[in-house]
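Please keep the structure open beside them as you go.

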Amino acid sequence: MSTAKLYLVDDHLIFREGLRNLIEFEGIGTIVGESSDGKHFLENYEGKEPDLVIMDISMPVMDGYEATKLAIHKNPELKVLALSMNGEEEYYYKMIEAGVKGFLLKKSGIKEIERAIHNVINGESYFSNELLRKIIYNIGNPINNSTSSKITLSKREIEVLREICNGLTNEEIAEKLFISALTVKGHRSNLLSKTNCKNSASLVMYAIKNKYVQL
């Protein structure tokens, strides 16, 4: 994890400095760039080649949604983890459609920060249980209402979907369900195809909407 290259985007300098110091002191990764708004990020991130962008949602000049959408349209492989404050739940679905892989509360502790960064860099999604509860109780009906209720998931696919919602990696799911990581990868691929979801973060939203998970 110490070799992970991270780019911070947040309009509050004191928060960026604190997060940078925490991440580098704990050996979680190296901060290769910082921006105070989405426009500055778009103009400066490419030469830095970050493994992960930690993106604030609400910023002046250009917000996190617009910056994420434009960056991922240009570079689909870019991984973005959104920074969230209480009261920003209305932006979650927009950020997921833009391509973010997960959400991290700004008040999170170092262990949760480390896990979120690790999950997203390794191709998984990350949502804390607190965020999931907020989504369930504060949002109402999610986007993607066109998703068909006629979709049939196998028992194993539902098991894998629930563990994805728990934030487990393919390897962790494989160990828990006593199957191979390659089999889990196949189930994940089938879930994305069947539900017409773009990524694991979208799968979490789908699972919440269709009551495959209860918190």
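1. Asn-199 is buried, because its relative accessible area is 9%, where buried means under 20% relative accessible area, judged with a 1.4 Å probe and protein chains only. This residue sits in the loop between helix 9 and helix 10, helices being DSSP runs of H or I with at least four residues, numbered from the N terminus.

2. This is a predicted model, in which local features need pLDDT of at least 70 and side-chain atom pairs count only at pLDDT 80 or more, while totals for chains, interfaces and linings use all residues. Residues are numbered from 1 along each chain as its sequence is written, and side-chain values use heavy atoms, with hydrogens and water left out.

3. A polar atom of the Asn-199 side chain lies 3.1 Å from the backbone nitrogen of Ala-201, and a polar atom of that side chain is also 2.9 Å from the backbone nitrogen of Ser-202. Leaving aside neighbours within four places in sequence, Asn-199 is in contact (heavy atoms within 4.5 Å) with Ile-96, Gly-99, Val-100, Lys-101 and Leu-192.

4. Turning to another residue, Asp-56 lies in strand 3, residues 52-56, a strand being a DSSP run of E with at least two residues. Asp-56 counts as buried because its relative accessibility is 2%, and, not counting residues up to four places away in sequence, Asp-56 touches Val-9, Asp-10, Asp-11, Gly-64, Leu-83 and Lys-106.

5. An unreviewed UniProt entry carries the annotation "modified residue: 4-aspartylphosphate" for Asp-56; please remember that such annotations may be inferred rather than shown by experiment.

Terms used. Buried < 20%, exposed > 50% of the residue type's maximum accessible area, 1.4 Å probe, protein only. Polar contact = N/O pair within 3.5 Å; in protein donor to acceptor, adjacent residues only side chain to side chain.
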